[in-house]
Amino acid sequence: MTAETAALLANTIKPTKVVFQGEPGANSHIACSEVFPHAEAVAMATFEDCFAALEAGDAELGMIPIENSVAGRVADIHHLLPMSSLSIIGEYFLPIHHQLMGLAGADTGSITSVQSHVMALGQCRKIIRKLGLAPVIGADTAGSARQIAERGDASVAAIASSMAADIYGLDVLASDIEDEDHNTTRFIILAKQALQAKADNGPVMTSFVFRVRNVAAALYKAMGGFATNGVNMTKLESYQLEGTFFASQFYAEIEGHLDDAPVRLALEELGFFCAELKILGVYPASPFRANIKEPEVNRALRPAQPETS
């Protein structure tokens, strides 16, 4: 999966620096190292800092989480993307594995509390309950590992990645402790330079944002073009614009390239009912998508077809 994803981008750009939000050892850091092992992964305090670094030319690419199979969407990204000049040039799916870690010499019988990001704590409830640990909410997973290492108290542990354990010199006390094995984060790869995937060169995704006109049934009419042209929309999310109490802007993803006739026709029809439409990226679909396709509906559950003579 890693090699395939990197190969999809190899002919477009070879970064020397890739920015990510968080501290060294974060899952975003792991994604950077897996997709771009020869680039320097640069930690940034906030998503805004990542976007600013890319727009200023301080790094070529950004590895930004956009959704998680357990926690849902990363809301900040939906607000930052439309306002930026950046483009989505790729995507990457990272299965998330949590490790219980502590100081050298600690074990599961000696620890009394565990610190991590609130989502990581929630995703590891079973072992926390089994060991009778007191959960402590930290700002993030890698930061919690760093703080535990700095504190020097063998009775406290952290939940973070194996990379964080290596970076901060902690021992892994229990491996892959997540309650569910489907926990996966999807990252988008951002660049200042708009690099569109080639048409007719494998599966492609197109991401865009739009705002419908303030007329009756505008969204219903806007979506009609995708249905009539057979374009599969894999994501449609609404969110509020700043200063309003109604969801008037939408983030959407479809399968297909802008040069595909069905996509072109669907977007033309969408444009009739939009006050604003912005293409965010046309990029190769990750090979990981083959693992998350919805299974075929059982034929026995499909409506019966009328007999023909």
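**Entry 1: helix 3 and helix 4**

I began with helix 3 (residues 47–56) and helix 4 (residues 75–83), which pack at an angle of about 30° with their axes 10 Å apart. Helix 3 is therefore roughly parallel to helix 4. I noted the terms: angles under 35 degrees count as roughly parallel, over 145 as roughly antiparallel, 65 to 115 as roughly perpendicular and the rest as oblique. Axes are lines fitted to C-alpha atoms, for helices over the stretch in contact, and angles run from 0 to 180 degrees between N-to-C directions.

The model is predicted: local features need pLDDT of at least 70, side-chain atom pairs count only at pLDDT 80 or more, and totals for chains, interfaces and linings use all residues. Residues are numbered from 1 along each chain as its sequence is written, and side-chain values use heavy atoms, with hydrogens and water left out.

I then looked up which residues of helix 3 and helix 4 make the contact (heavy atoms within 4.5 Å). Helix 3 gives Phe 47, Glu 48 and Phe 51, and helix 4 gives Asp 76, Ile 77, Leu 80 and Leu 81. By class, this contact of helix 3 with helix 4 has 5 nonpolar, no polar and 2 charged residues. Here Ala, Val, Leu, Ile, Met, Phe, Trp, Tyr, Cys and Pro count as nonpolar, Asp, Glu, Lys and Arg as charged, and the others, Gly among them, as polar.

**Entry 2: the whole chain**

I stepped back and found 10 helices and 15 strands in the protein chain. Helices (H or I, at least four residues) and strands (E, at least two) are DSSP runs, numbered from the N terminus. Of the 309 residues, 46% count as buried. Buried means under 20% relative accessible area, exposed over 50%, and partly exposed in between (1.4 Å probe, protein chains only). I also looked at contacts with a separation of 6 or more: residues 24 or more positions apart account for 75% of them in the protein chain.

**Entry 3: strand 9**

How many residues of strand 9 (residues 156–160) are buried? I found that 5 of the 5 are, so strand 9 is largely enclosed by the rest of the structure. In a regular strand the side chains alternate between the two faces of the sheet. In strand 9, Val 156, Ala 158 and Ala 160 point one way, and Ala 157 and Ile 159 point the other way.

I checked the neighbours of strand 9 next. Strand 6 (residues 99–102) is joined to strand 9 by 3 bridges, and the two run antiparallel. Leu 100 stands opposite Ile 159. Strand 7 (residues 113–117) is also joined to strand 9 by 3 bridges, but these two run parallel. Val 114 stands opposite Ala 157.

**Entry 4: Thr 184**

I found Thr 184 in strand 11 (residues 184–191). Thr 184 has a relative accessible area of 12% and is buried. Leaving out residues up to four places away in sequence, Thr 184 touches Glu 67, Asn 68, Ser 69, Phe 93, Leu 94, Pro 95, Ile 96 and Phe 288. I looked up one of these, Ile 96: its C-alpha atom is separated from that of Thr 184 by 5.4 Å, although the two are 88 residues apart along the chain.

**Entry 5: the open sheet and its helices**

I traced an open sheet of 4 strands in the order 13-14-12-15, with antiparallel pairing. Two strands pair if DSSP finds at least two bridges between them. The edge strands, strand 13 (233–239) and strand 15 (274–284), each pair on one side only. The twist averages 15° from one strand to the next. Inside this sheet, strand 12 (residues 204–212) pairs with strand 14 (residues 249–255) over 7 bridges. Gln 249 in strand 14 is the bridge partner of Arg 211.

Which strands does helix 9 lie across? I listed strand 12, strand 13 and strand 14, with helix 9 running at about 155° to strand 12. Helix 10 lies across strand 12, strand 14 and strand 15, and runs at about 155° to strand 15.

The axes of helix 9 (residues 218–228) and helix 10 (residues 261–272) come within 7 Å and cross at roughly 170°. The two helices are therefore roughly antiparallel to each other. Their contact includes Met 223 and Phe 226 of helix 9 and Leu 267 and Leu 270 of helix 10. By class, it has 6 nonpolar, 3 polar and 2 charged residues.

**Entry 6: Gly 230**

Last, I looked up Gly 230, in the loop between helix 9 and strand 13. Gly 230 counts as exposed, at 66% relative accessibility. The C-alpha atoms of Gly 230 and Pro 262 are separated by 6.9 Å, and the two residues are 32 apart along the chain.
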